Structures are given as structure tokens and as C-alpha cells.
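Have the sequence and the 3D view open as you read.

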Amino acid sequence: HLLPDPLRPRLYAINQNDKEQGSVLVIDTLTHAVLRNIPVGLEPTDLALTEDSAELLVMNTSDPSIHRINLETFETTEKIPLSEFSNRNDDVGGHVIDGPGNIIYYIDEQWGPRLRVFDTSTQTVLQTFGSTSTQSPNTNNDDGFGDVKISPDGTRLFGWRQYGDGAGSS
């Protein structure tokens with residue numbers, strides 16, 4: 001996964017070897033040099049910038065957690081353990097999205113991946129969602145989220161419904 005920095009000439013990249021200890025590479029887009037190799041948890045699968053681009057959020061799925069990295073110092077400032085996270089399905093990969101205020105959205109790796117609304121100030125999951133569609137109005141373990149993105153103004157989430165670990169629709 002690659003993520004460009006909108007404020008700095010940098011690119012962030014996940015560096016992982018299956019379920020082993022991973023890292024985030026900080027790449028200077030002007031010189032193409034690797035500025036840092038920041039260790040994170042086991043099997044990092046996704047990156048997200050905070051709203052002000054001051055921090056990078058890194059999802060780790062074999063050690064369900066989110067690392068928060070300060071982008072001025074390149075230090076990990078927090079490791080958020082995710083007690084409500086299923087990594088049952090190894091092929092999917094978890095996702096993380098920065099929300100408004102103290103909210104982080106994350107998606108786990110179960111057969112029908114669940115979207116969770118997490119409050120970082122209380123370290124609690126506020127809500128858990130499966131997905132529904134007109135073909136399958138009852139949310140069950142097979143209907144989950146493949147990924148979601150937040151609107152620029154932070155008021156809406158857009159996502160695609162994932163059935164099991166491979167089929168889906170937006």
C-alpha cells in the first residue's frame with residue numbers, strides 16, 4: 001500500500017513479509033531516497049493520514065492494533081490495541097480510516113468484514129456494522145465491507161459491500 005502526503009514531498013509505503021514484523025517506509029518523492037524505516041506491528045495492511053496530516057495511522061492485522069506515527073519526529077506515539085477484531089480470513093487485510101474528532105473507522109478480516117467506529121479517547125468500539133443490500137436485506141456474517149472512504153468534509157462514508165472474501169459491489 002502506498003500513500004502520498006498532501007503537505008510534504010513524501011510517500012508512505014507498507015513494508016511487510018506476510019505475518020512478520022512490518023514497517024513503514026518514508027520515501028522522499030524529490031530524491032527517491034528512503035528517509036526512514038519505521039517499525040510497526042505484525043502484518044501491516046493499511047495506512048491513513050489524520051485529518052491535519054500530522055500523523056499516520058497504520059493498521060496491523062496479525063497483532064490487531066493501530067500505530068499512530070508523528071510525521072515530524074517519525075516516532076510512534078501510540079499503539080491502540082483492537083480487542084474487537086477478527087483476523088479469521090487471512091486473504092482480506094484490515095483497513096483504517098481517520099474520522100472526525102477522536103473517531104477512527106476500521107475494518108477487520110472476518111469472512112464478512114465488519115466496519116467498526118472506534119473512539120480513541122475512551123478506547124472503545126461505539127458501533128459495529130455489517131453491510132446490507134437490496135438483494136440481501138438481513139445483515140449476516142457473509143455481508144461485510146471490502147473498504148470505505150470518508151468524504152472530504154468528513155460527513156459521509158462510502159464503501160463497497162463484500163460477500164465473503166472475494167465478491168462485492170459498491
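What percentage of the 170 residues of the protein count as buried? The value is 49%, where buried means under 20% relative accessible area, exposed over 50% and partly exposed in between, with a 1.4 Å probe and protein chains only.

A word on how to read the numbers. This is a predicted model, in which local features need pLDDT of at least 70 and side-chain atom pairs count only at pLDDT 80 or more, while totals for chains, interfaces and linings use all residues. Residues are numbered from 1 along each chain as its sequence is written, and side-chain values use heavy atoms, with hydrogens and water left out.

**Overall build**

The protein has zero helices and 15 strands. These elements are DSSP runs numbered from the N terminus: helices are H or I with at least four residues, strands are E with at least two. Among contacts with a separation of 6 or more, 35% join residues 24 or more positions apart; a contact means heavy atoms within 4.5 Å.

**Salt bridges**

Side chains of opposite charge can pair when their charged atoms come close. Here a salt bridge is a side-chain nitrogen of Lys or Arg within 4 Å of a carboxyl oxygen of Asp or Glu, and the count comes to eight.

R68 is buried, at 12% relative accessibility.

R116 sits in strand β11 (residues 115-119) and E84 in the loop between β8 (76-81) and β9 (95-98), so the pair ties together parts that are 32 residues apart in sequence. R116 is buried at 9% relative accessibility, whereas E84 is partly exposed at 35%.

Elsewhere, D5, R8 and E72 are linked in a network of salt bridges.

**A buried asparagine**

N60 belongs to strand β6 and is buried, at 0% relative accessibility. Which residues does N60 contact, leaving aside its neighbours within four places in sequence? They are V40, G41, L42, E43, P44, S65 and H67. V40 is 20 residues from N60 in sequence, and their C-alpha atoms are 7.7 Å apart in space. The side chain of N60 also reaches the backbone nitrogen of G41 at 3.3 Å.

**The largest pocket**

Rolling a probe the size of a water molecule over the atoms shows where empty space is left. On a 1 Å grid over the protein atoms alone, a pocket is an open set of points where a 1.4 Å probe fits, with protein on both sides within 12 Å along at least five of seven lines; lining residues have an atom within 4 Å of a point. The largest pocket has a volume of about 420 Å³, a volume being the space filled by probe spheres set on the points, which are joined across faces, edges and corners.

This pocket is lined by 22 residues, and L49, E51, I97, D98 and I150 lie nearest its centre. At least two lining residues come from each of β5 (44-49), β9 and β13 (143-150).

Notes: A polar contact is a pair of N or O atoms within 3.5 Å; within protein, one must be able to donate a hydrogen and the other to accept it, and residues adjacent in sequence count only if both atoms are side-chain atoms.
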